[in-house]
Amino acid sequence: MWYAIITRFLRRRLVLAIIFCFSLTYCMVRLIGNNVSLNLDGDLFQASLQREKPIIWTNTIPEERNRSNDLSVNCRNSVQGKALIVDDRGFVCTRSELLWTGCCNVEVESTKLFHCDTCQSNACCAIYEFCVSCCMHPEKKSLLEKVLAKASGRQIAVYATVNDQYELCLTKCRTNSHSVQNENKYRDPKSKHCYGETEEQLVAAGSKISANSAIDASDNRNSAANKG
């Protein structure tokens, strides 16, 4: 009897010890993972995320008169939109005009290419699909290259996974630090999808310009004083 009681007691302790060890291991793994994610700016981590292949950019604009559906071509699309869909060519259409190939039906007037409706001069748009479509225009390449060049922290890890301009635009137009203030409040609730530079990058660029302007103004005053 006593042997059975002691055996059950030891087994219970063993089970608790095993659970404790697993819990401790899990906590340590999560803690180490968080520390790595908080140090994405480190040179070693950045080096491991260097892109192996260059991004494939949108280089051509289809002529309106040559628009026709090629049913032998499949398209990726934004999938989740209830009313609108944007495909990987930059066409945006209603969900009802989406072909079985995954491409927008370009033979209907309502389908638009590189559509920037609701998009502001600050590269922020009210509608996600319009943001992606506008971002896909070949003329946006230089702006997107600036976005990639100035990426920092978690952005480096995210942008390292995109293969082409379409994937970059899908990612960039999701809510980001450009459109959010204090992490949970939109700067502009009507235009919360942005493909341009982040707020921090714009502020840093503005500060640099202001500093250079102040130096130039000081030099001009000193030059005028010396002439006087």
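**Entry 1: L168 and its neighbours**

I began with L168, which touches I55, W57, L144, L148, Y159 and V162 when residues up to four places away in sequence are not counted; I took contact to mean heavy atoms within 4.5 Å. I note here that this is a predicted model, in which local features need pLDDT of at least 70 and side-chain atom pairs count only at pLDDT 80 or more, whereas totals for chains, interfaces and linings use all residues. Residues are numbered from 1 along each chain as its sequence is written, and side-chain values use heavy atoms, with hydrogens and water left out.

**Entry 2: the nonpolar core**

I then looked up the largest nonpolar core, which has 34 residues, and found that V132, L168, C173 and Y195 are those with the most contacts inside it. Such a core is a set of buried Ala, Val, Leu, Ile, Met, Phe, Trp, Tyr and Cys residues joined through side-chain atoms within 4.5 Å. Buried means under 20% relative accessible area, exposed means over 50%, and partly exposed lies in between, with a 1.4 Å probe and protein chains only.

Which elements each supply at least two residues of this core? I listed β1 (84-86), β2 (91-94), α3 (128-135), α4 (141-149), α5 (154-159) and α6 (165-172), and I saw that α3 gives the most, with six residues. These names follow DSSP runs numbered from the N terminus, helices being H or I with at least four residues and strands being E with at least two. I also wrote down that in soluble globular proteins nonpolar side chains tend to be buried together.

**Entry 3: helix α6**

I checked α6 residue by residue and found Q165, Y166, L168, C169, L170 and K172 buried. Because six of its eight residues are buried, α6 is largely enclosed by the rest of the structure. Its buried residues pack against β1, α3, α4, α5 and β7 (193-194).

**Entry 4: disulfides**

I counted as a disulfide any pair of cysteine sulfur atoms within 2.5 Å, and by this rule the count comes to seven disulfides. A disulfide is a covalent bond between the sulfur atoms of two cysteines.

The link of C135 and C169 is left-handed, with -75° about the S-S bond. C135 lies in helix α3 and C169 in helix α6, so the pair ties together parts that are 34 residues apart in sequence. I found both C135 and C169 buried.

I next looked at C75 and C103, a disulfide with sulfur atoms 1.9 Å apart, whose torsion about the S-S bond is about 90°, so it is right-handed. This pair links distant parts of the chain, 28 residues apart, with C75 in the loop between α2 and β1 and C103 in the loop between β2 and β3 (112-113).

The disulfide of C93 and C104 has its sulfur atoms 2.3 Å apart, and with -75° about the S-S bond this link is left-handed.

**Entry 5: D70**

Is D70 buried, exposed or partly exposed? I found D70 partly exposed, with a relative accessible area of 43%, in the loop between α2 (43-48) and β1. Its side chain makes a polar contact with the side chain of S72 (2.6 Å); a polar contact is a pair of N or O atoms within 3.5 Å, and within protein one must be able to donate a hydrogen and the other to accept it, while residues adjacent in sequence count only if both atoms are side-chain atoms.
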